[in-house]
Every structure is written in C-alpha cells, then in structure tokens.
Amino acid sequence: MSEEAHPLASVVAGLAMLVSGAQVRWLDSRPETRQRVYFSNHTSHLDAAVLWASLPPQLRVLTRPVAAREYWEKGPLRRFLAARVFRAVLVERPGETHRLASAREALDLLVEALGDRYSLILFPEGTRGTGESLAPFRSGLYHLGQRRSDLEFLPVYLNNLNRILPKGEVLPVPLLSTVTFGPPLRLEPEESKQAFLDRARAALLRLSHL
C-alpha cells in the first residue's frame, strides 16, 4: 500500500473538521508515529471520519479506520472514500451461526492490516450507542493485544457527534464537538481478557468527564 495520501484526503479531513466543529485535545499523550490502536466510543456515522481527521497529516496517512463493510460499500461515493481516502479496513458483521469463525477472520484481517507500520481506529462497543452511556467492550482489543504485544492502545473520547449527526439524519446540525486523546495503555503480561477490557473502558469513561 502506498504511504502517500490521496490528493483529496486533506479536503475530506478539512470538511470533517468543519462539519463537526471539532476541538482536539491531547491529555497525557501526544501524536507519535508508533503503531497504535485508537479506540473510541461510537455514536454517529461521523465518528471514524472525525477521529481520522483529528490526527496530524503524517499520522493520518498511516492510520486506517475499521468499519462495517455493509455500510461503506453502499454506493460509489462511500466505496471511493473507504478504499481510496480513508483506506479503511472493512469487516463483516459476525453472523449468528458462525460468530466465532467470523471473529477469527476479522482478527486475522486486522493483524494483516496493521503490518509493520499502520495504526487502526476501532470502536470496541461494536455498534453505535446513544451517547448517554458506554456499552461493554467486545473482545477484539484484547485479542489484538495478544497477537501484537508491541501495540499501544490509545483511548479517544468523541463528544457531541451524536447531536451533530443523529441516527437516521442526513444533514448535520451546526454544533461544536470535542475529540479527546488520552494516555496510552498496553496489555499487561498475564492480564485477563475481562480485566483489560474493563481497564480500557474505564480509561475511555474518564475522558468523558474531562
């Protein structure tokens, strides 16, 4: 994959920041080119684009949102943005009858997408919420940490995007939002799945109050 940004990437990033009115904060962390998984709450279709746009250009080109294939493959514009601008990693929603196999395939895809240079944007709740609470995390963060012990996991809290583009709406409401990056975490040796997921979720919840 080329590490040169698409010519429209800066335009799309600028539009995302304009529409969202996003103010970006880095608390006890800073932008770095090391491989990371940026994990965030999920309340709006704007989430992935705004988080991606909030990164400096030199990080943006190395960071790939993880997104649902069924949404981003609807229509030529979405397909173009996903493939050429965001360079998203598109995953299938796990089916009820083959959930475990689907989860393993998705994990393999994410590990392959990381390679030795790229970072990911991930929404561990698995689906959009209302913005009023944070759902329990699915296990993908933990399994990525097991497969790649060198990864940093950086919590990012997105505030107010659910009001700027509510579920089911097409036109954004002119409001301000904040994107808050917190201190990075790592999966500790011998840390259990539930302990790590609880710790990651608590880190994201702390940012919601700052």
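Where is the place of Gln146? Gln146 sits in helix 7 (residues 140–147). The views below show a predicted model in which local features need pLDDT of at least 70, side-chain atom pairs count only at pLDDT 80 or more, and totals for chains, interfaces and linings use all residues. Residues are numbered from 1 along each chain as its sequence is written, and side-chain values use heavy atoms, with hydrogens and water left out.

**View 1**
Helices are DSSP runs of H or I with at least four residues, strands are DSSP runs of E with at least two, and both are numbered from the N terminus. Gln146 is partly exposed, at 47% relative accessibility. The classes used throughout are buried (under 20% relative accessible area), exposed (over 50%) and partly exposed (in between), with a 1.4 Å probe and protein chains only. Accessible areas come from the Shrake-Rupley method with a 1.4 Å probe; for residues, only the protein chains shown count as cover. Gln146 and Glu191 are 45 residues apart along the chain, and their C-alpha atoms are separated by 10.0 Å. Glu191 is buried, with a relative accessible area of 15%.

Side chains of opposite charge can pair when their charged atoms come close. A salt bridge here is a side-chain nitrogen of Lys or Arg within 4 Å of a carboxyl oxygen of Asp or Glu. The structure holds 10 salt bridges. In one of them, Glu191 meets Arg199 at 2.9 Å, N to O. Arg199 is partly exposed at 27% relative accessibility. Salt bridges with shared partners also join Arg30, Glu32, Arg34, Arg36, Glu152 and Arg186 into one network.

**View 1. Arg36 and Glu152 across strands 2 and 6.**
Arg36 pairs with Glu152 in a salt bridge, and the closest N and O atoms are 2.9 Å apart. Arg36 lies in strand 2 and Glu152 in strand 6, so the pair ties together parts that are 116 residues apart in sequence. Arg36 is buried at 2% relative accessibility. Glu152 is buried too, with a relative accessible area of 9%.

**View 2. Arg148 and Asp150.**
The side chains of Arg148 and Asp150 form a salt bridge (2.9 Å, N to O). Arg148 counts as buried, at 14% relative accessibility. Asp150 is partly exposed, with a relative accessible area of 40%.

A pocket is found on a 1 Å grid over the protein atoms alone: it is an open set of points where a 1.4 Å probe fits, with protein on both sides within 12 Å along at least five of seven lines. Lining residues have an atom within 4 Å of a point. Grid points are joined across faces, edges and corners, and a volume is the space filled by probe spheres set on the points. The second largest pocket has a volume of about 620 Å³. Its lining has 20 residues, with His45, Leu46, Ala49, Trp72 and Leu81 nearest the centre. Helix 1 (9–20), helix 4 (69–72) and helix 5 (76–85) are the elements that each give two or more residues to this lining. Helix 1 provides the largest share, five residues. By type, the lining has 17 nonpolar residues, one polar and two charged. Nonpolar means Ala, Val, Leu, Ile, Met, Phe, Trp, Tyr, Cys and Pro; charged means Asp, Glu, Lys and Arg; the others, Gly among them, are polar.

**View 3. Helix 2.**
Eight of the eight residues of helix 2 (residues 47–54) are buried, so helix 2 is largely enclosed by the rest of the structure. Among the buried residues are Asp47, Trp52 and Ser54.

**View 4. A nonpolar surface patch.**
Leu8, Val11, Leu15 and Leu18 form this patch, with about 390 Å² of accessible area together. Patch residues have over 30% relative accessible area and no salt bridge; like charges are joined within 9 Å, and nonpolar side chains (Val, Leu, Ile, Met, Phe, Trp, Tyr) within 5 Å. Leu8 belongs to the segment before helix 1. At 38% relative accessibility, Leu8 is partly exposed.

Asp28 is not a glycine, yet its phi is positive, about 55 degrees. Asp28 sits in the loop between strand 1 (22–26) and strand 2 (36–40). Asp28 is exposed, with a relative accessible area of 71%. Asn160, also not a glycine, has a positive phi of about 85 degrees. Its loop runs between strand 6 (152–159) and helix 8 (161–164). Asn160 is buried, with a relative accessible area of 15%.
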